[in-house]
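Morning, everyone. I have one structure today, and I will keep it short.

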Amino acid sequence: MSKSRRTLRENLHFRLGRSLNEALLRLPPEELTALNREVQQAAGAAHLLYQDTAGALRSIPLLLRPRVLSREQKRYFHKTCVELIRALESLYALWVDAPAVQALLPLTPGERAWFDAMPKGAHKAPQSIFGRLDVQVDFSDEDWAKNCHFFEPNSVGAGGIHYTPVADAIIEKIVVPRVQKSARHFMLQVNDDPRLLLLHTLTAHGDEIGARRLNLAFVQDRRGLGGPEEFTFLAEFMNARGLTAVVADPRDLVLRGEQLWAGDVPVDVLYRDTSIADLAEWEAEGTDLGAMRWAFAQNRVVSTITGDFDHKSTFEIFTDPAFDALFSTAQRRIFRKHVPWTRAVRETTTLGPDLRIEIDLVPFIRKNRDQLVLKPNRAFGGEGVVIGPHCDLHDWDDALARAVRDPGSTVVQRYVPALVKDFPVVDAEERVTLEEFYVVCGFYATSDGLGILGRASKRRVVNVAQKGALCACLVLM
């Protein structure tokens with residue numbers, strides 16, 4: 001591509017969000033309202049649903065305007081995410097061999113019992129993670145690479161695998177052609193399908209462990225309430241491609257000889273939405289989980305047991321130079337550039353955010369509220385996050401005091417301001433407005449490709465569990 005054509009493409013890309021808004025708002029209000037109705041109906045028909053903690057299903061809104069990235073950006077994010085996933089996959093081996101890593105990735109007694117029961121040398125076996133890396137990046141920022149920040153890993157049962165390709169396909173099929181009628185240069189395509197990326201991961205892991213067959217079980221606590229409604233559709237997706245796939249509760253798995261069964265189906269590899277912490281709790285209540293223990297011991301679970309080290313304190317290991325020798329040069333470069341300074345909250349001294357000056361951690365947190373955020377180390381769904389610049393001193397001090405009383409339960413992280421974007425919205429009275437949303441992305445990465453979950457919310461903590469919306473992320477052709 002010539003320099004002039006590249007410059008034209010770059011200029012188009014960096015003004016694309018605003019131009020898409022303008023193109024949509026040029027539509028007559030009744031046409032935009034009808035377009036929104038068609039999109040939301042398609043989303044409902046495609047089962048973009050979330051179950052709340054009371055068991056009620058609700059539709060997840062889908063915003064009309066997609067976020068758009070360039071092919072260059074996609075290549076960069078893909079390469080970056082693959083290195084981060086490799087670093088996460090190494091954590092089991094590091095945890096076994098390095099006491100300092102164990103100290104930052106603490107386990108409950110129940111979890112520790114599961115890890116201790118793993119066969120000798122299990123940490124050297126092939127490890128596979130299929131999860132989601134949550135990231136904040138403005139695709140239209142000319143300094144997008146510099147301002148790309150990963151803020152937490154989700155290595156076990158990360159939601160959005162079904163939502164993402166469905167949302168992308170709806171917007172690409174329904175909205176993009178309408179925009180192209182008045183702006184033919186808007187040539188957009190969907191990202192890689194996370195369902196296929198998951199299939200590639202499961203196939204590759206099956207090959208690594210020598211599985212002669214690939215019958216799949218999507219393992220989920222079907223008795224619990226709350227969370228994405230996706231596993232049934234993932235199993236259907238795999239069955240449509242000639243595989244045998246079922247959804248099973250881990251308590252219902254049965255081991256007969258050397259064969260794992262889910263009901264009357266023999267299964268070979270499990271994809272799980274259940275943490276070791278949950279399994280340990282059920283065992284403590286008297287549940288027999290011998291089949292699930294066998295599956296972990298035989299390395300037949302994805303994400304493998306290393307996925308349970310998706311503590312947010314993992315990012316202290318990535319951002320403290322004391323651990324540099326454990327990672328490759330490429331990984332260390334990514335940590336410095338894209339992972340915000342993170343520390344498990346406890347009474348200690350450590351290098352501050354500049355990685356040059358040693359600080360007394362707790363007093364530093366107390367004095368620098370406007371630069372920091374406190375997060376539960378192992379919670380998900382946006383629960384318990386305290387954003388320093390957006391809370392008062394009393395609430396900050398209370399949150400810090402609780403964290404200090406329970407060392408390692410909370411992390412402190414350098415605050416990255418929430419990203420805000422404008423989107424056309426049709427309200428309940430069918431009035432068309434341009435409204436601001438906080439936005440984040442979730443990247444699903446394997447060596448085969450990159451899928452992107454786009455989320456948006458009126459709240460700074462952006463999460464579908466917090467009544468957020470979906471936002472398609474498409475690639476400029």
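I will go through a helix, a sheet and a pocket, in that order. Keep in mind that this is a predicted model.

Start with helix 4, residues 71-89. How does helix 4 pack against helix 14? Two packed helices are described by the angle between their axes and the distance between the axes. Here the angle is about 110°, and the axes are 10 Å apart. Angles from 65 to 115 degrees count as roughly perpendicular, so helix 4 and helix 14 are roughly perpendicular to each other. On the helix 4 side, the residues in contact are Tyr76, Thr80, Glu83, Leu84, Arg86 and Ala87. Helix 14 brings Ala330, Gln331, Ile334, Phe335, Lys337 and His338. By class, that contact has six nonpolar, three polar and three charged residues.

Helix 4 also lies across strand 3 and strand 25, at about 80° to strand 3. Those strands belong to an open, mixed sheet of three, ordered 3-25-6. Strand 3 and strand 6 are at the edges with a single partner each, so one side of each has no neighbour in the sheet. From one strand to the next, the twist averages 45°. Strand 3 pairs with strand 25 in the parallel sense, over three bridges.

Last, the second largest pocket, with about 370 Å³ of space. Which residues lie nearest its centre? They are Glu89, Ser128, Thr201, Thr446 and Ser447, out of 17 lining residues. Helix 4 supplies at least two of the lining residues, but helix 9 gives the most, with five. The lining has six nonpolar, seven polar and four charged residues.

Conventions: Residues numbered from 1 in each chain as written. Predicted model: local features only at pLDDT ≥ 70, side-chain atom pairs only at ≥ 80, totals over all residues. Heavy atoms only, no water. 1 Å grid on protein atoms, 1.4 Å probe; cavity = no way out; pocket = protein on both sides within 12 Å on 5 of 7 lines; lining within 4 Å. Points joined across faces, edges and corners; volume = space filled by probe spheres on them. Helix = DSSP H or I, 4+ residues; strand = E, 2+ residues; numbered from the N terminus. Nonpolar A, V, L, I, M, F, W, Y, C, P; charged D, E, K, R; others polar. Axes fitted to C-alpha atoms, helices over the stretch in contact; angles between N-to-C directions. Parallel < 35°, antiparallel > 145°, perpendicular 65-115°, else oblique. Contact = heavy atoms within 4.5 Å. Pairing = 2+ DSSP bridges.
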